[in-house]
Amino acid sequence: MKHWYDLITEAQSVEKIEEIRISLFGKKGVLAAEFARMKEASDEEKSKIAQELNIHKTTLMNELVQRKITLQTQELQEHMKSEAIDVTMFSSSSESGALHPVMQTMDRIVEYFSSMNFTVKTGTMVEDDFNNFEALNLPKYHPARDMQDTFYFKDEMLLRTHTSPVQIRTMMSSKPPIRMIAPGAVFRRDYDITHTPMFHQVEGLLVDKEGAVSFANLKFILEDFLKYMFGDVEVRFRPSFFPFTEPSAEVDISCVFCKGSGCRVCSKTGWLEVLGCGIVDPNVFEAVKYQNVSGYAFGLGVERFAMLIHQIGDLRSLFEGDIKLLEQFR
Ligand SMILES: Cc1ccc(OCc2nc(C(=O)N[C@H]3CCS(=O)(=O)C3)cs2)cc1
């Protein structure tokens, strides 16, 4: 029997222990054979042998169990060690996220006007006819209201076509003076290389006492803003028309690509139109029941700024989620 104890002590795996267990305790095992052999012995021999065999049986079983537990513990420790992860290991591959270039541009625009003490206001994307059109001196049947430009729901609710309703709602709910910008998503039924059904705008509005706000104030802040956004560019104001401002102007910067000598991007003019502005039309103040006030307003498309700053040719590429393109703006 001695060599069986050695076999158990020397066993190096749980499988080996299992083999020994079957050899010892199986139906055709060593102990079964010994008990069978005992039958041929004399009576007084039998009880002695039986006693011995039972002691061996119990001891061998205990040895097997102990050795199996030791081996299982070792195997588990080795397994844990092989799977251990060194959490302190430096990983250079962790990719960090980044803001979309349009949002980076919007943040930069908001930063400028916040630094000039303009309050940032936001509003709902679903708007009504009054706040989106009527109050902005856009009477019924004005072309801008047409279905080809505006997404309508039923009962004259619509997706706002600009962020102007935020300024209207602000004037309806607070007294002058007002210094605010309204950044946000706007929606127009339009889709080509420079227009998408949804895009982002930042509009600004400054309202103060009658005579306190002049076109000169507007020129200063827009020139300062555009130099902040595009660096050392020339700024040009061209007379224009918008129903909600009078006088109105469209504002150009010297082409950021050809520095004004003329190229494909600026259609050889040397100038790029970037925003519109003007002195708020009295009809707008009438709609919100403001009296004895004056003010200026401006509006810009954020995607247009992002395309000029990041030199992106096709606006649609900004909305395709192409990681190869977006990765460049990390
Ligand atoms: C109460 C109120 C009064 C006046 C306002 O005037 C906002 C203005 N927007 C523009 C303008 O040119 N906007 C365009 C720029 C590019 S765009 O995103 O296509 C729209 C000129 S003045 C707004 C609110």
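Let me start with a term: a residue is buried when its relative accessible area is under 20%, exposed when over 50%, and partly exposed in between, using a 1.4 Å probe and protein chains only. By that rule S294 is buried, with a relative accessible area of 11%. I will come back to S294 at the end.

What you have above is a predicted model, where local features need pLDDT of at least 70, side-chain atom pairs count only at pLDDT 80 or more, and totals for chains, interfaces and linings use all residues. Residues are numbered from 1 along each chain as its sequence is written, and side-chain values use heavy atoms, with hydrogens and water left out.

First, the overall layout. The chain is divided into domain 1, residues 1-76, and domain 2, residues 101-124 + 169-327; these bounds come from an automatic or database domain assignment. Taken over C-alpha atoms, the two domain centres are 91 Å apart.

Now the sheet. Helices (H or I, at least four residues) and strands (E, at least two) are DSSP runs, numbered from the N terminus, and two strands pair if DSSP finds at least two bridges between them. Seven strands form an open sheet in the order β1-β4-β5-β9-β8-β7-β6, with mixed pairing. β1 (119-120) and β6 are at the edges with a single partner strand each, so one side of each has no neighbour in the sheet.

V120 has I181 of β4 as its bridge partner.

Contact here means heavy atoms within 4.5 Å; axes are lines fitted to C-alpha atoms, for helices over the stretch in contact, and angles run from 0 to 180 degrees between N-to-C directions. Helix α5 (residues 101-115) lies across β1, β4, β5 (198-209) and β9 (293-301), at about 5° to β5. Helix α8 (residues 215-230) packs on the sheet and touches β6, β7, β8 and β9, its direction making about 150° with that of β8.

A hairpin of two residues joins β6 to β7, and F242 has T245 as its bridge partner. On to β8 (residues 271-280): eight bridges join β7 to this strand, again antiparallel, with V251 partnered by L275. Why is β7 largely enclosed by the rest of the structure? Because eight of its ten residues, 245-254, are buried.

The loop between β7 and β8 holds V256, which is also buried, at 15% relative accessible area. Leaving aside neighbours within four places in sequence, V256 is in contact with F230, V233, L272 and L308.

Next, the ligand. It is surrounded by 19 residues, the closest being Q201, E203, G276, A297 and G299; a residue counts as near if one of its heavy atoms lies within 4 Å. A side-chain N or O atom of Q201 is 2.8 Å from a ligand oxygen. A backbone N or O atom of G276 is 3.4 Å from an oxygen atom of the ligand. For G299, a polar backbone atom is 3.5 Å from a ligand nitrogen.

Back to S294, which lies in strand β9. A polar atom of the S294 side chain is 3.3 Å from the backbone nitrogen of G211, and the side chain also reaches the backbone nitrogen of V213 at 3.3 Å. Not counting residues up to four places away in sequence, S294 touches several residues, including L206, D208 and F285.

How values were computed
Polar contact = N/O pair within 3.5 Å; in protein donor to acceptor, adjacent residues only side chain to side chain.
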